[in-house]
Amino acid sequence: MKDFESFRQEETGMSAGIVGTGSALPARVVSNQELERLVDTTDEWIRSRTGIESRHIAVEETTTSMAVEAAEKAMKNAGVTADEIDLIIVGTVSGDMHFPSTACQVQKEISAGNATAFDINAACAGFLFGLAIADAYIRSGMARTALIIGAETLSKLTDWSDRGTCVLFGDGAGAAVVQKKEEGILSIAQGSDGAGGGALTCRDRENSNPFMTQAMMNTDPDHTHMNGQEVYRFAVKTVPVIIEKALEKAQLGPEDIKFFLLHQANIRIIEAVARKLGQPAEKFPTNLQKCGNISAGSIPVLLDYVHQEGMLQKGDKIVLAGFGGGLTFGAAVLIW
Ligand code: UT7
């Protein structure tokens, strides 16, 4: 029996692909030296353990304003109008409102009245999971032109007195326009490990309804907590496996891939994945040095950089791979 994926490809004779990208970063750049004045850390520790030198932190910007800026740039780059967009998906864990969703706020700001818009929470794999949904919508005929955005203001979820996490994260947004394309997304492999989710958490506001006792109420806003070593081990073990799975589905090997664009959490994770795949580090572009970890924004911001720098030619094969809170993980193989 044929698998669903090949059935769909035959049925429509088409796949979905990225036709434009855009990104937005806050104006304020915070260096490691500035963090030395906030917590007990050093530039040397941060660089050697993570590769990060500085990050953009939102002062004037919001999750929605960055998502809108990235979306408008991606639409311009793709040459599509707001009227053509019929699906908007935002991957985020740091929207400005509980509701409306960031996607609905973007829809309003860019006047994309024909779109269905919703957010997804897949943490650092949010862009990749959004891409998988758009791929399925487009192949099944439910959408024609999708806007997929990863946007985060992690600085508001950060405990700025916790040196174990505050040096890692940055703010920003990246977007891609996805449309039907003769050749585009070749395969996607995804997974989740809810049982391991305790390694990376940020609790929401707790229930404090009038029927609870005072002792049960806890309305203090929580911050990001991470067991760094556990997440590190999970990433190094899972990411090569999910990339190999996606490559196998696409009937390709790692040697066929021009660039692997990985979630930008730690240079040591990226180097370990490159070693496990037997591929040279040059095939793994990075921007974590200047951006830190932007969670769902990380992959699309990097993709936009690589695209705008002219590093991608038509026909190049690339891999996008994300992992993070949930735990969630996924990889996509694309022809540019
Ligand atoms: O996007 C979500 C996915 N997140 C990730 O992928 C993160 C994965 N984890 C990591 O990248 C790494 O585990 C970290 C960068 C978070 C930490 O690096 P590590 O090499 O695992 O360090 P560690 O947690 O084992 O800490 C080593 C030492 C500790 O001190 P002791 O106990 O050895 O005295 C920490 O207290 O480094 C200390 N430390 C710091 N020292 C200076 C932790 N943070 C800092 C800091 N500056 N900022």
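**Entry 1**

I began with the side chains of Arg 163 and Asp 40, which meet in a salt bridge at 3.6 Å, N to O. Arg 163 sits in helix α7 and Asp 40 in the loop between α2 (32–36) and α3, so the pair ties together parts that are 123 residues apart in sequence. I note that the model I am reading is predicted. I then looked up the count of salt bridges, and by the rule it comes to 10. Side chains of opposite charge can pair when their charged atoms come close.

**Entry 1. Domains**

I looked up how the chain is divided. Domain 1 covers 4–182 and domain 2 covers 187–335. For the contact I noted 51 residues from domain 1 and 47 residues from domain 2. The C-alpha centres of the two domains are 13 Å apart.

I next took the buried area between domain 1 and domain 2, which is about 3,600 Å². Carbon and sulfur atoms give 61% of that area. Which three residues supply more than any other three of the area that domain 1 buries against domain 2? I found Cys 124, Leu 128 and Phe 129, with 18%.

I checked the interface of domain 1 and domain 2 for salt bridges, and the rule finds one. I also looked up the pair of Lys 290 and Glu 53, which form a salt bridge with the closest N and O atoms 2.8 Å apart.

I then listed the elements that give two or more residues to the side of domain 1 that touches domain 2. Strands β1 (15–24), β3 (54–56), β6 (145–152) and β7 (172–181) are among them, and the helices include α3 (43–50), α6 (126–139) and α7 (163–166). Helix α6 gives the most to this side, with seven residues. By residue class, I have this side of domain 1 as 20 nonpolar, 20 polar and 11 charged.

**Entry 2. Ligand surroundings**

How many residues surround the ligand? I have 23, and the closest are Thr 41, Gln 229, His 263, Asn 266 and Asn 293. I followed up two of these. An N or O atom in the side chain of His 263 is 2.8 Å from an oxygen atom of the ligand. For Asn 266, a polar side-chain atom lies 2.7 Å from an oxygen atom of the ligand. I also looked up Gly 228, where a backbone N or O atom is 3.0 Å from a nitrogen atom of the ligand.

**Entry 3. Backbone exceptions**

Most residues other than glycine have a negative phi, and most peptide bonds are trans. I searched for departures from this.

The peptide bond from Phe 99 to Pro 100 is cis, with omega near 0°. Pro 100 lies in the loop between β4 (87–91) and α5 (102–110). I found a cis peptide bond between Gly 326 and Leu 327 as well, with omega about -5°. Leu 327 is in the loop between β12 (317–324) and β13 (328–335).

For phi, I noted Ala 123, with a positive value near 50° in a residue other than glycine. Ala 123 is placed in the loop between β5 (116–120) and α6. Helix α6 is the element that I already have as giving the most to the side of domain 1 that touches domain 2.

Technical notes: Residues numbered from 1 in each chain as written. Predicted model: local features only at pLDDT ≥ 70, side-chain atom pairs only at ≥ 80, totals over all residues. Heavy atoms only, no water. Domains from an automatic or database assignment. Contact = heavy atoms within 4.5 Å. Buried area = accessible area lost by both parts, 1.4 Å probe. Salt bridge = Lys/Arg side-chain N within 4 Å of Asp/Glu carboxyl O. Helix = DSSP H or I, 4+ residues; strand = E, 2+ residues; numbered from the N terminus. Nonpolar A, V, L, I, M, F, W, Y, C, P; charged D, E, K, R; others polar. Near = heavy atom within 4 Å. Polar contact = N/O pair within 3.5 Å; in protein donor to acceptor, adjacent residues only side chain to side chain.
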